[in-house]
Every structure is written in C-alpha cells, then in structure tokens.
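Morning, everyone. Please have a look at the model on the screen, and then we'll walk through a few of its features.

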Amino acid sequence: MARVHWGRWGVVAAAILAALALGTPAWAACAIPGKTEIHFGGTVSLTGVFSDDGKWYKQVYDLWTEQVNAKGGILGCPVKMTILDDKSDAKTVVGLFEKLITVDKVDILVSPWTSALVYAASPVAEKFEKVLVEGGGCSEVIYSRGNKWIFNTMSATGNGHALGVFNWIKTLPPDKRPKTLANIYAESVWSIASADAARFFARDADMRLVVEEAYSLKTTDFTPMVQKIKAANADVVLLHSYFADTVQIVKTMRELKVNPKLLWSGAGSSHTNFPEVVGDLAEGIVTGSHVEPWMPFKGNKEFSEAFRKKYGKEVYDYPAVGYAALQALEQGITATKSLDQKVLQKYFRTASFDLIMGPTRFTSTGAPSVQTLVEVQWQKGQDGKWKRVIYYPETDAYGLGIKVKTGDMKRLRGDLVSP
C-alpha cells in the first residue's frame, strides 16, 4: 500500500515539476462549485472605423488573461477569453453578445471599445441580467436609461473630457486667456456628448464659439471644415475625434496653414504612436488622459512595463482602462467567490476597487464616482524623443495628495503661453 501511495504522489510531483519547467501554473482545484474554468467573452473592433483602438484593447485583454493564468487563475480556476470582431458595428455587437451569452455560455462579459458600441451592448447585458464592467465607453446616455448591470472603469464621463483644458485656461491671467473657440466633433455618441459639454465650459470661461461643425466618420476630405476654422481664426480648436480622423484633420490644418493658439484632441492624440504617424505636427497638441504609465497608482507601473515587454510599445490610457475593467472583475469574483451575476452586481454597487488609475467606486447608475482625467501635452525633447507631459492638475483628484504633474506646458503654435 505504501508503494502505491508514494507512487501517486510521485506522479503529482512529476506533473508539478513539468508544469514549472514549462512556465505554466500547477492548477489547484477550481474553488467555484461546478466550474473547471471561468469563461470571459466580449467583442472589440478589429476592423472598421474603431479598429485603431480596438486592436489595442484586444492586446490588453490577452495580456491580462496571460498574467492571471500564470499566477494560477482566479480562485484556482483557469481563465478562458473569447474576443470576437464586432467590425465597429452596433448591430453586430448585439448579435455577438447574444451569441456569447446563449450559445457560448460565457460566465463574464467583456466590454467593446467606444460609447456607441457599449451603448449597443448594454441592453443585451440588461436583458440577460449579466454584469458588464466596461472600460470602453463613458457617454452619459449609457447610464441614463436605467440599466442596472453596467459599471464603468473609465475615470471620467463623456461630458467631462474637455473640462480639464478649460480649468487650465481659467488659471491663466485674464489678458492671456483665449477668447474664441472652434468646436469640432464626429457624429458619434461620445463625440456629441463631449462637444455638448464643451459649449457650457466655453461660456463659463467667457469664450465665444465661432465655429461648430459635425462630420461623418466616413469623411475623407476635411478641407472644407478646416477652411471654416481658418476663416474664423479661432484661438482654440477642440477636436472631439478619434485616431484616424484626428490624424487627417491635423494634416489638413498644416496644409492650409491653420495655426490656433491651442489644439486639443479628445480621443485621437493620446495614442502613443501618434507622433510616429503625424511627425512634428504632434508638437504642442494637448489631450485629456485617464491614466499615464508613470502615475503612481497600485499596479500601474507593473502593467505598463508588462505591456511594453510583451508588445514592444508604450500603452496609452484607453486600453489601460479596459485592463482596469478586468482588474475590477477579478477583484469582484475573488471577493465574492462567486460567478452568480446577482451576487456580483450587488458587490459592484457597494465595493471599492484598487485599480491602475487609482481607487474606484461606482455611482448608483454605474458611472465613475470621481472625474480624474489629467491634461497632457505632446512635447519633443532635445534628444528627439517624444513624451506626454502632464501639465494639469498638480495633484490627483482623489484627495490623496499624490503629485501627478510632470512638467509645464510649452509654448504652443500661437502665443498663449510663454516659452
């Protein structure tokens, strides 16, 4: 009997040693009754107009899955991740989310990117009573229609995206403040919400709106729109735009010699490869950011370094908050020891989460409870390297006293600030 007993332990020991040699975890029994794995599933835009960001989301979802499984899964359960291409199309999102729930039987939903697609996914989560913790969409319309199953890890709602730049403008001496504004936005859920709020912020900052222009995401020639901006000679141009359209607008502004004192881009210029695409046109452009790689919040540095090591590039804020959504889900499942959706829903309504952009709680609607966007500016150093400098605010929005500012705003295209 003793030989049989030790023989079994020998097999187990050999399996453990083999797993360690392969760099894979030796799995403990899954602590969730009836489960051998936890199946996460969702969509991102791998093709279509939102694919510039969608591909990055897929990368952080893959990274998180790899990291979780390397440390033994969640509660001893390996994680399976199924991500489907929604082709940047809302109807496709609905169909794929229903398939993931009814056919693939996923345990946990994973968010698409951008408000329009999250807006499409949220009623499906509501219909099937499935928790959707998302880091892909922040427009108020998602949270104003009574959904009870959606929670947002983005650190600002859509109407707060341009708030920081206006708050910074109001810190300037009155004679240095810009007076006129061009408000440019895509015909998309987030862009419309951000532009709507900017009108209010402009009035509060005593600025006059001289151009207001919406454009289709199918637009390829921005010349007529940029000519209007040039004719109005706006001090500030706000682009509530995505990556591809931001690139085209900025290039068209250069061609037509449009040189505002301040150029702000809401969702396009935060990409870390933005200067690679537009070159020196990136100099001085400002944007709001949910989180930067050097911000001193728990796990942020480690995440940024892991992303850089795996993909050979610096992560930016939007996919980072997608990663944070998975962090929150992991923390929720671990704390409740459950995949029961009603148990998880209750937990997300009341708990606090320690995420890479800082401590996070959700309001009664599931929206973020604190607006924590920082304002950053693209600057090219004397060494020729590009960096994003946090020029506003001085400290974090959580009241922790953590300094987040990393530098001052440099002279822009115009004469708004001194060198």
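Where is the place of P393? P393 sits in the segment after β14 (386-392). Strands here are DSSP E runs of at least two residues, helices are H or I runs of at least four, and both are numbered from the N terminus. A cis peptide bond joins Y392 and P393, with omega about 0°.

A quick word on ground rules. This is a predicted model, where local features need pLDDT of at least 70, side-chain atom pairs count only at pLDDT 80 or more, and totals for chains, interfaces and linings use all residues. Residues are numbered from 1 along each chain as its sequence is written, and side-chain values use heavy atoms, leaving out hydrogens and water.

Next backbone feature: L75. It is not a glycine, yet L75 has a positive phi of about 55°. Look for L75 in the loop between α2 (51-70) and β2 (79-85).

Now a helix pair. Helix α12 (residues 317-336) packs against helix α13 (residues 341-350) at an angle of about 115°, and their axes are 10 Å apart. Axes are lines fitted to C-alpha atoms, for helices over the stretch in contact, and angles run from 0 to 180 degrees between N-to-C directions. That makes α12 roughly perpendicular to α13. The class covers 65 to 115 degrees; under 35 is roughly parallel, over 145 roughly antiparallel, and the rest oblique.

Who touches whom? On α12, the contact residues are A328, L329, Q331, G332, I333, A335 and T336; on α13, they are V343, L344, Y347 and F348. Contact means heavy atoms within 4.5 Å. By class, that contact has 8 nonpolar, 3 polar and no charged residues. Nonpolar means Ala, Val, Leu, Ile, Met, Phe, Trp, Tyr, Cys and Pro; charged means Asp, Glu, Lys and Arg; the others, Gly among them, are polar.

Last topic: cavities. A cavity is a set of points on a 1 Å grid over the protein atoms alone, where a 1.4 Å probe fits but cannot get out; lining residues have an atom within 4 Å of a point. The count is 3 cavities of 30 Å³ or more.

Notes:
1 Å grid on protein atoms, 1.4 Å probe; cavity = no way out; pocket = protein on both sides within 12 Å on 5 of 7 lines; lining within 4 Å. Points joined across faces, edges and corners; volume = space filled by probe spheres on them.
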